[in-house]
Amino acid sequence: MESVFKTAFPFIVSAVAVLIAFQGVLMIVAYTVLAERKVLGWIQGRIGPNRVGPWGVLQPFADLLKFIFKEDIVPDKSTKFVYFLAPLVALTCALLPMVVYPFGPRIADPLGWLLPYVAGTSFADSVTWVAEQARNMPLTIASIDVGVLFVLGITSVGVYGIALAGWSSNSKYSLMGGLRSSAQMISYELAMGASVIGVVTLAGTLDLNGIIYAQMHSPWYMRWYIIPQFIGFVVFLISAFAETNRVPFDLPEAETELVAGFHTEYSALKFALFFMAEYVNMFTVSVMCTVLFLGGWYVPGLSHLFNIGSIPYALASHVVFIGKICLFLFFYIWVRGTLPRFRFDQLMNFGWKFLLPLAIANLLVTVVIVYFLNS
Amino acid sequence: MAFEVLFFIFAGLAIASAVSMVWHRNPLYSAISLVGVFIALSCIYVTLAAPFIAAVQILIYAGAIMVLVVFVIMLLNLDEDQPNNRLNYLYAVGGGLGIILLAQTLFVFYAVMRAPNNVVDQAETAGRTINIGRAMYTEYLLPVEIVGVLLLMATVGGVVLARRLAQPQLELVVDNELERRDEGEKESEYRVAL
């Protein structure tokens, strides 16, 4: 029994970690939707949802129930298998990058405080063993050597969800939306990748936690990479808007031209999956922006208040991390309430003729400076 | 043990996707199956301690190249391939190539079986990003440069092929300006000829 538990322990830990992370992220995403409706309401001089629960706080759950109980309509002439596959691909690819997010710093001894309470009882040994295993616990589900590439790769596979949804619905609005979306995401991925390479050359690693530590250990005038990589930051932020199909680049679902774009023919829970995927993608790019340019969970001076590796330090860092992400999510909503939509040719020209050369120029300058700094 | 089970799962997935890619007559289904092959392969790379190759496989093949292929298939709205469209002699060519591929695979198996077993030591570190970068820019610098030049040529070729000559400008026609429109057309023809 004991040995079975010991063998299964890493898998149990991973499963629990994945569960907690998914729950947390999905709750944040649900409340992003509410925040979006509220903030848009304020920007437009309205109140926003305020019927379900006090101040409308239960609105996301009411929406979810409605999505579940709505009739699921499948178009007659659609390609059924691909039609079912598309929303799954979209949401899976949106959720997968979660396993490499650096949610906080390592905790040196997370379960050490438990030991005095269980001393003398029959399961003291097991608890001691678990506490021993939990030493130096990272607040990341999987520390991959190539975290940045992993996130970029998985989100680029997410294009299939949208493209296939547009193709399989057998509707011209959907097809136009899907085509626009794939063209747009391919174009802006280049600028995004080029702006990320600048950060990677400065940090010298592709590991997301490693990038945060590299920012911690750099001189004070570039503690956050937004300072040396300001152009990269701007390019990344703009391409992030395009990658997530958000205003002002929401051409794949331009209401005034394409009804609802690639998800015109989707209803009920399948539509909800696309909807969730869009907001989870917003969360992902916010995490990337925070980690690459704003130091992730790191705040200068926090180590003077708490000991590094203690539980309060990790909690405070985690709260700061979520706070920075919320800042970006608010920025998204703010822009949506402010800017009109681009035209498609403007979008393409902007991406290829302005953003990409800017990102490459930034990359060249960065590489030269890093070379001379290191030599 | 766990890695062997994973290997057989992903290898089976890769082979199943590959068979489905060849089997389907609808080009879009074939493209999706090919994406499945790439994803299964990258999972195998991860179990072989080569995370960089795995990530690049997903990023470039599944994320960029196949998206373009799917994009083109959707844009051209290709019909299903009919059996009578196929050229019969291609079966012979395909069979010949298949036999050559099988022979190569068997030769690789043979070579791997005969190889001394100490290669495994490198496997722990060889897949890491820093080692790949170092090898690419020291030991294999010349091939990297050649590939770079090749890609540049491909880019220039693409630009040349896609570039159009200056199109005649469409002009707003007002009733009493028909004559001027004729002159305009002549002028634009002249411009195109230039």
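Predicted model: local features only at pLDDT ≥ 70, side-chain atom pairs only at ≥ 80, totals over all residues.
**Figure 1. The area buried between chain A and chain B.** Together the two chains bury about 2000 Å², of which 81% lies on carbon and sulfur atoms. Buried area is the accessible area (1.4 Å probe) that two parts lose on being put together, summed over both. Y160(A), W167(A) and L179(A) supply 29% of the area that chain A buries against chain B, more than any other three residues. The elements giving two or more residues to this side of chain A are α6 (147–157), α7 (159–168) and α8 (172–203); helices are DSSP runs of H or I with at least four residues, numbered from the N terminus.

**Figure 2. The surroundings of Y160(A).** Leaving aside neighbours within four places in sequence, Y160(A) is in contact (heavy atoms within 4.5 Å) with V89(A), A165(A), V35(B), A62(B), M66(B), V67(B) and V70(B). The contact between the chains takes 25 residues from chain A and 22 residues from chain B.

**Figure 3. T32(A) in helix α1 of chain A.** The helix spans residues 2–43. T32(A) is buried, with a relative accessible area of 6%; buried means under 20% relative accessible area, exposed over 50%, and partly exposed in between (1.4 Å probe, protein chains only). Apart from neighbours within four places in sequence, T32(A) is in contact with Y279(A), M282(A), L329(A) and I333(A).

**Figure 4. F8(B) in helix α1 of chain B.** This helix covers residues 2–23. F8(B) counts as exposed, at 59% relative accessibility. The C-alpha atoms of F8(B) and A111(B) are separated by 22 Å, and the two residues are 103 residues apart along the chain.

**Notes.** Residues are numbered from 1 along each chain as its sequence is written, and chains are lettered from A in the order in which they are written. Local features need pLDDT of at least 70, side-chain atom pairs count only at pLDDT 80 or more, totals for chains, interfaces and linings use all residues, and side-chain values use heavy atoms, with hydrogens and water left out.
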